[in-house]
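Subject: Structure handover and findings

Dear colleague,

Please find the structure below for your records. My notes on what was found follow it.

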Amino acid sequence: MTWWRDAVVYEVYPRSFADGDGDGVGDLRGLLGRLDHLAWLGVGALWLCPVYPSPQRDHGYDVAAYDDVDPVFGTLADLDAVVAAAHARGIRVVLDVVLNHTSDAHPWLRDHPERYVWRPPRPGFRGGEPGAEPTNWGAAFGGSAWTWDPGRGRYRLGLFSPWQPDLDWSRPDVRAAAADVLRFWRARGVDGFRLDVITLVAKPDVLRDGPVRPGARYADGVALCVDGPALVDHVRGLRDACGDALLIGEAPGVTPASAARLTAQGGLDMVLQFEHAELDRWPERWRRRPLDLRDLKRWARRWQDPGAGWPALFLGNHDQARVASRYGDPGRWHSRSAATWAVVLHAHRGTPFLFQGDEIAMTNRPLAGPDDLVDVEGRAVLAEAVAGGADPEEVLDGLRALGRDHARVPVSWDGGPHGGFTTGTPWTPAHPEAPHRNVAAERADRSSVLHVHRDLVALRRAEPALVDGDVTVLLPDDPVVYALRRRLGRTELLLVASTTADPHPWPAAVDPAPWAGAQVLLTTARVAADGDPAPDPATAPTAPTAP
Ligand code: TEU
């Protein structure tokens with residue numbers, strides 16, 4: 001039942017993973033052909049981002065049918081084949097299900113419009129006229145969260161976009177339909193689900209205006225819908241529909257207390273929270289501020305508390321910038337800094353998630369100007385920030401650091417054309433570093449960051465203290481060194497990681513003496529120092545007596 005405690009979950013964004021038919025878009029046949037990479041890494045589960053029929057305006061997070069596969073990705077039979085082939089390799093399959101909203105192309109909107117969230121115009125206004133929207137909420141991908149429907153004489157809610165209308169979970173038929181989605185896929189052999197923005201499904205009974213930040217036009221509707229009163233019951237209904245399947249809740253706005261409720265009472269196995277991903281970009285999505293390591297340690301103390309449930313641990317995913325660029329230092333310590341952050345993540349209590357391409361420390365993609373923005377969110381963020389008076393260059397810089405496009409660059413498999421992703425023309429350009437940074441090259445090099453990821457996967461299986469040990473966050477006030485102690489019975493593990501490019505002394509507060517005879521389980525000192533300029537070996541940091 002708890003197989004996922006010592007497993008690593010590998011996230012596949014299928015559009016950008018591997019193309020099996022040469023049309024330039026990644027697909028299930030492509031994934032099938034690359035499953036041995038996951039097996040070689042040793043991961044316990046594969047989280048597959050949405051492959052359902054969809055207009056693809058948000059790359060599948062706009063679902064037009066819950067029980068089929070979009071032809072761009074293949075067929076239902078291809079998905080069955082992926083599940084069978086994964087199982088044959090000891091890999092479980094977790095499907096991403098988007099149950100807060102559908103696409104406006106879903107037949108429900110036509111045949112069962114009552115299943116969506118509708119509200120009358122603001123009192124005193126005529127529907128459709130400026131200011132008549134029921135609340136002042138903006139959609140995450142730009143504009144108002146409300147769409148006027150003259151036929152129905154009401155507004156329809158779309159927290160992400162007008163073409164992603166929100167389902168009304170206060171209706172039993174909606175909850176029953178959602179549960180049926182999980183039953184359908186369970187019956188096809190799927191092992192678990194990642195529930196997209198599950199914290200948003202229980203809307204407050206009364207929808208009210210929210211605060212509008214300076215420079216913004218709308219209030220943040222998402223923030224106002226998080227964690228509604230009925231959420232735990234709604235989640236419990238999903239749990240009851242899917243037996244002991246792994247249930248991962250994507251949970252914007254969750255707190256340790258609500259995470260505890262959602263797991264203990266709602267039956268989720270773990271939640272994906274985002275507090276750590278906001279430490280270097282806040283309040284606006286694009287406004288970068290340097291990560292203060294002490295904030296990350298405060299986050300760890302908050303979320304590593306066993307009272308918050310079992311954590312899902314991640315640094316990268318398909319909505320985030322590349323780990324190597326965002327947290328590491330590709331200029332001077334490319335592989336080694338990325339490896340360090342991987343070790344830091346894995347040293348925590350919880351199930352680590354690895355996003356495709358991060359295992360070879362792919363970096364952010366170059367972004368020359370606004371025309372290079374592909375993703376709906378990036379384009380909306382730029383347009384809205386500029387409309388609010390922000391300097392476009394500053395916003396672009398923010399997107400260069402933090403945008404969603406970086407994660408969606410095709411995986412660099414080898415040094416061939418388009419990094420081996422496709423034999424055709426890729427839907428978005430391959431990474432410029434693919435010729436020298438790719439899976440094939442890194443596999444052949446035992447000192448690569450890829451091998452560190454593989455060793456980390458194996459270490460979890462071998463070392464119970466890494467899985468079940470209690471956690472102490474050390475050096476809370478040190479802005480450079482990240483250190484943790486794990487303890488289980490008589491076993492103690494110590495993580496000491498320097499996050500600076502320059503040589504740094506061993507922290508005085510960690511007495512090396514008791515660790516003198518300790519076994520070094522993993523050191524990033526073995527990872528190629530492949531930054532630019534080449535570091536001087538005489539001053540390069542070495543591991544003292546600790547891991
Ligand atoms: O993302 C939910 C979410 O909260 C996003 O707003 C995320 O925090 C943001 O994109 C980071 O920049 C989920 C999916 O992961 C995302 O891909 C979808 O676009 C979104 O839901 C709508 O379904």
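Helices (H or I, at least four residues) and strands (E, at least two) are DSSP runs, numbered from the N terminus. The model is a predicted one: local features need pLDDT of at least 70, side-chain atom pairs count only at pLDDT 80 or more, and totals for chains, interfaces and linings use all residues. Residue numbers start from 1 along each chain as its sequence is written.

**Annotated domain and overall form**

An unreviewed UniProt entry places the feature "domain: Glycosyl hydrolase family 13 catalytic" at residues 11–408. UniProt positions are given in the numbering used here, feature names are shortened, and annotations may be inferred rather than shown by experiment. Over residues 11–408 the chain is 32% helix and 11% strand, with the end C-alpha atoms 12 Å apart.

The protein chain has 16 helices and 16 strands. Its radius of gyration is 23 Å, close to the 24 Å that the globule rule gives for 547 residues, so the chain is as compact as a globular protein of that length. The radius is taken over C-alpha atoms, and the rule is 2.2 Å times the number of residues to the power 0.38. Along its principal axes the C-alpha trace spans about 75 × 50 × 50 Å.

Of the 547 residues, 50% count as buried. A residue is buried if 20 or more other C-beta atoms lie within 10 Å of its own, exposed if 12 or fewer, and partly exposed in between, with C-beta atoms placed from the backbone.

**The parallel sheet**

An open sheet is formed by 8 strands in the order β11-β10-β8-β3-β2-β1-β13-β12, and the pairing is parallel. The edges are held by β11 and β12 (312–313), each with a single partner strand, so one side of each is left without a neighbour in the sheet. Two strands pair if DSSP finds at least two bridges between them.

Within this sheet, strand β3 (residues 92–97) has 6 of its 6 residues buried, so β3 is largely enclosed by the rest of the structure. On one side of β3 the buried residues are Arg92, Val94 and Asp96, and on the other Val93, Leu95 and Val97. Strand β2 (residues 45–48) pairs with β3 in the parallel sense over 4 bridges, and Trp47 stands opposite Val94 in β3. From β2 the chain crosses through helix α3 (residues 76–88) to β3, and this β-α-β crossover is right-handed. That term applies if, with the strands pointing away from the viewer, the path from the first strand over the helix to the second runs clockwise.

β3 is also joined to β8 by 4 bridges, and these strands run parallel; here Asp96 stands opposite Arg194 in β8. Elsewhere in the sheet, strand β1 (residues 9–12) and strand β13 (residues 351–355) pair in the parallel sense over 3 bridges. The bridge partner of Val9 in β13 is Phe353.

**A hairpin**

β15 and β16 pair in the antiparallel sense over 8 bridges. They form a hairpin with 2 residues between them, and Gly489 in the turn has a positive phi of about 55°. The bridge partner of Ala483 in β16 is Val496. In strand β16 (residues 491–498), 6 of the 8 residues are buried, so β16 is largely enclosed by the rest of the structure.

**Ligand surroundings**

Of the 14 residues around the ligand, Asp58, Tyr61, Phe160, Pro252 and Asp319 come nearest. A residue is near a molecule or strand if its C-beta atom, placed from the backbone, lies within 6 Å of it. The shell divides into 7 nonpolar, 1 polar and 6 charged residues. Ala, Val, Leu, Ile, Met, Phe, Trp, Tyr, Cys and Pro count as nonpolar, Asp, Glu, Lys and Arg as charged, and the others, Gly among them, as polar.

**Backbone points to check**

Most residues other than glycine have a negative phi, and most peptide bonds are trans. Val197, although not a glycine, has a positive phi of about 30°. Val197 lies in the loop between β8 (192–195) and β9 (219–220) and is buried, with 24 other C-beta atoms within 10 Å. Leu475 also has a positive phi, near 50°; with 19 C-beta neighbours inside 10 Å, Leu475 counts as partly exposed. A cis peptide bond joins Trp282 and Pro283, with omega about 5°. Pro283 is found in the loop between β11 (270–272) and α9 (293–303).

With kind regards
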